[in-house]
Amino acid sequence: MKTTDRGIAQEKTVAYTTNLISATHLSSMKQTASRAMLAQEPSSALRTPTLFWIFVIGSIAGLLIEIAFHAVIFGGYESRAGLVWGPFSPIYGVGAVVLTIVSSRFSQANAVAVFFIAALAGSTVEFATSWAMEVFFGAVAWDYSGTFGNIDGRVNVTFALMWGALGLGWTRLVMPHIEKSAERIDWNCAPIRIVSIACAVLMAVNIVVTIQALGRESARMDAIAAETPIDHFLDEHFPSTWMQAHFENMSIMGVQQR
C-alpha cells in the first residue's frame, strides 16, 4: 500500500515538474516572440507622418539658424530661402530626416561611432545637393574651395565635424523627445490626418514649382526663350530679378555657362 502511495506521489511530482517546465518554456517562447514583434515594429519617429513633420520643422529651424549665423558673422540680413514660398530650406529638412533615421538605427552605438556616422551621412547629403544643383541648374549655393579638407568645394572637414556634432546631439538629446512626442500623437485622428495630408500636398507643390523656377532661371541664363505656357508663367511670376533677390545666396549661371 505504501509502495503504491509512493508511486502515485512520484507520478504526481513528475507530472507537476513536467507541467512547470512546459509552462516556463511556453512563457519564454511568448516573451521571445513579443520581443521579436517589437523589434519588427518601426520606431515611432520613423513613421511617414513623423518624418514629414521633422522635415518641415528641420527646414524652418535650419533656415532661421543660417540667417542668424550670417547676421552674426557677416552682419545684416540675407535671404537664405530654399523654396519659392515660405521660410523653408529643404537641405536642413532632409538632413534632419537622415539624422533621425541614423539616430534610430544606431541609438545603442557608442558616441564616437554615432559622431562619425552622422558626419558621413550629413556630408553625403550636402555633397549630393550641391552636385545636383550644379548639374541640373548650373547653380552654386555654397563653395568651400580653398578650405581645409574640401572635396570639389562641396564639403569640407569643418562642416563634416559640425554634422557629426549635430548628429550626436540629435541622437542623445533630441531623439528621446521625438520618440515620446510621436507616441502621444494619434495619426489616425481625422483632423491630424487632414492637416498632415494638406501640408504635404502644399509642400510637394512648393518643391515642384521651385524646381521649375530654378530650371527656368537656368534656361534664361543660357538665353533660351520661353516656349511653353509654363515658361511664360514662370517668367511672369518668378523673373530673374525676383529669383536673384529671393535666392540671394545662390548663383545661377545656367547649365551651358558652367
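Biologist: Leaving aside its neighbours within four places in sequence, which residues is Leu214 in contact with?

Modeller: Happy to! Please keep in mind that this is a predicted model. Once the neighbours within four places in sequence are set aside, Leu214 is in contact with Phe137, Met243, Phe247, Met250 and Ile252. Leu214 also belongs to the largest nonpolar core, which has 18 residues. Within that core, Leu214, Phe238, Met243 and Met250 are the members that touch the most others. Two of the helices that supply at least two residues each to this core are helix 4 (111–137) and helix 6 (190–221). Another core, of 16 residues, lies apart from it, and Phe52, Phe55, Ala96 and Ala118 are among its members. As a general background, nonpolar side chains tend to be buried together in soluble globular proteins.

Now let us step back to the chain. It holds eight helices and two strands, and from the N terminus the elements run α-α-α-α-β-α-α-α-α-β. Of the 258 residues, 34% are buried. Among contacts with a separation of 6 or more, 71% join residues 24 or more positions apart. The accessible surface of the chain is about 15800 Å², and carbon and sulfur atoms account for 68% of that surface.

Helix 5 deserves a stop on the way. Helix 5 covers residues 157–184, 28 residues in total, and spans 39 Å from its first C-alpha to its last, close to the 40 Å expected at 1.5 Å a residue. There is a bend of about 50 degrees in helix 5 at Val174, with the proline Pro176 following within four residues. The buried residues of helix 5 include Trp163, Gly164, Gly167, Trp170, Met175 and Glu179. Helix 2 (48–73), helix 3 (90–105) and helix 4 are among the elements that cover the buried residues of helix 5.

Finally, a word on the cysteines. A search of the whole structure finds zero disulfides. Cys189 counts as partly exposed because its relative accessibility is 28%, between the 20% and 50% cut-offs. Cys199 is partly exposed too, with a relative accessible area of 28%.

Methods: Residues numbered from 1 in each chain as written. Predicted model: local features only at pLDDT ≥ 70, side-chain atom pairs only at ≥ 80, totals over all residues. Heavy atoms only, no water. Disulfide = S-S within 2.5 Å. Buried < 20%, exposed > 50% of the residue type's maximum accessible area, 1.4 Å probe, protein only. Core = buried A, V, L, I, M, F, W, Y, C linked by side-chain atoms within 4.5 Å. Contact = heavy atoms within 4.5 Å. Areas by Shrake-Rupley, 256 points an atom, 1.4 Å probe, with all protein chains shown as cover. Expected span 1.5 Å × (residues − 1). Bend = angle between axes of the 7 residues up to and from the residue.
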